[in-house]
Amino acid sequence: MAERERTYRDDISDFLYDAEQQVARGLGFKDILDYSDARPRALGYDNPHRGEGDAARHLLLAGRLQQRYGNLAEIILSGHEYGSNILQGQDRASREQDILNNDFGRGLGRTNKTTEDLEAAVVAAMKRGRGVVLPEDPA
């Protein structure tokens with residue numbers, strides 16, 4: 001299969017991803033980004049974009065940001081969802097899924113004070129169907 005040609009949207013997406021990583025480093029939450037990208041797979045959720053893996057990633061990310069930064073987590077998460085994701089061309093359903101999971105994840109972060117408790121709450125919530133899940137992208 002031939003590789004598709006890069007577009008200006010690819011360049012914007014790469015630039016915004018790099019900018020977000022720099023902001024996360026500068027503000028001290030790059031470790032949470034790395035954790036939330038890797039941990040869902042260790043908990044048994046495979047797909048990091050759409051599907052249960054995406055929901056778990058957002059629940060963990062939002063919960064950990066809430067634990068560390070309190071209500072500033074909402075600002076951090078909103079900046080990403082309403083800023084860079086729109087500029088990167090994220091579809092509306094995916095953005096709404098992310099926002100709902102971020103809101104729920106922040107609530108889990110408020111009521112679960114340790115990472116271990118948060119993870120247990122995320123797994124329990126996912127088993128009960130509480131995470132908002134879109135169908136996975138077709139392969």
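Residues count as buried under 20% relative accessible area, as exposed over 50%, and as partly exposed in between. All views below show a predicted model.

**View 1. The aromatic pair of phenylalanine 29 and tyrosine 69.** Tyrosine 69 has a relative accessible area of 23%, so this residue is partly exposed. Phenylalanine 29, at a relative accessible area of 6%, is buried. The count of aromatic pairs comes to one. The ring centres of phenylalanine 29 and tyrosine 69 lie 6.2 Å apart and the planes stand at 80°, so the pair is edge-to-face. Distant parts of the chain are linked by this pair, the two residues being 40 residues apart: phenylalanine 29 sits in the loop between α1 (8-27) and α2, and tyrosine 69 in helix α3.

View 2. Helix α3 covers residues 51-69, 19 residues in number. From first C-alpha to last, helix α3 reaches 27 Å, close to the 27 Å expected at 1.5 Å a residue. Of its 19 residues, 15 are buried, so α3 is largely enclosed by the rest of the structure. Glycine 70 follows α3 and has a positive phi, near 60°.

**View 3. Surroundings of glutamine 66.** Glutamine 66 is a residue of helix α3. Its relative accessibility is 7%, so glutamine 66 counts as buried. With neighbours within four places in sequence left aside, the contacts of glutamine 66 are Asn71, Ala73, Arg106, Gly109 and Arg110. A separation of 8.0 Å is found between the C-alpha atoms of glutamine 66 and glycine 107, which are 41 residues apart along the chain.

**View 4. Serine 36 in helix α2.** Helix α2 comprises residues 30-42 and contains serine 36. Serine 36 has 1% relative accessibility and therefore counts as buried. Its side chain reaches the backbone oxygen of leucine 33 at 3.1 Å. Not counting residues up to four places away in sequence, serine 36 touches Arg57, Leu60 and Leu61.

**View 5. The largest nonpolar core.** This core has 14 residues, of which Leu108, Val122 and Met126 touch the most other members. Two or more residues come from each of α3, α5 (92-111) and α6 (115-127). The largest share belongs to α6, with six residues. Another core, of nine residues, lies apart from this one and includes Ala24, Ile32, Leu33 and Ala62.

**View 6. Helix α6 and its cover.** Helix α6 has 13 residues and reaches 18 Å from its first C-alpha to its last, close to the 18 Å expected at 1.5 Å a residue. Its buried residues are Leu118, Glu119, Ala121, Val122, Val123, Ala125 and Met126. The elements covering these buried residues include α2, α3 and α5. Just after α6, glycine 129 has a positive phi of about 75°.

**View 7. Contacts of methionine 126.** Methionine 126 is one of the buried residues of α6. Not counting residues up to four places away in sequence, methionine 126 touches Tyr45, Glu52, Ala55, Ala56, Leu59, Gly131 and Val133.

Notes
Residues numbered from 1 in each chain as written. Predicted model: local features only at pLDDT ≥ 70, side-chain atom pairs only at ≥ 80, totals over all residues. Heavy atoms only, no water. Helix = DSSP H or I, 4+ residues; strand = E, 2+ residues; numbered from the N terminus. Buried < 20%, exposed > 50% of the residue type's maximum accessible area, 1.4 Å probe, protein only. Polar contact = N/O pair within 3.5 Å; in protein donor to acceptor, adjacent residues only side chain to side chain. Contact = heavy atoms within 4.5 Å. Expected span 1.5 Å × (residues − 1). Core = buried A, V, L, I, M, F, W, Y, C linked by side-chain atoms within 4.5 Å. Phe/Tyr/Trp six-rings, centres within 6.5 Å; stacked < 30°, edge-to-face > 60°.
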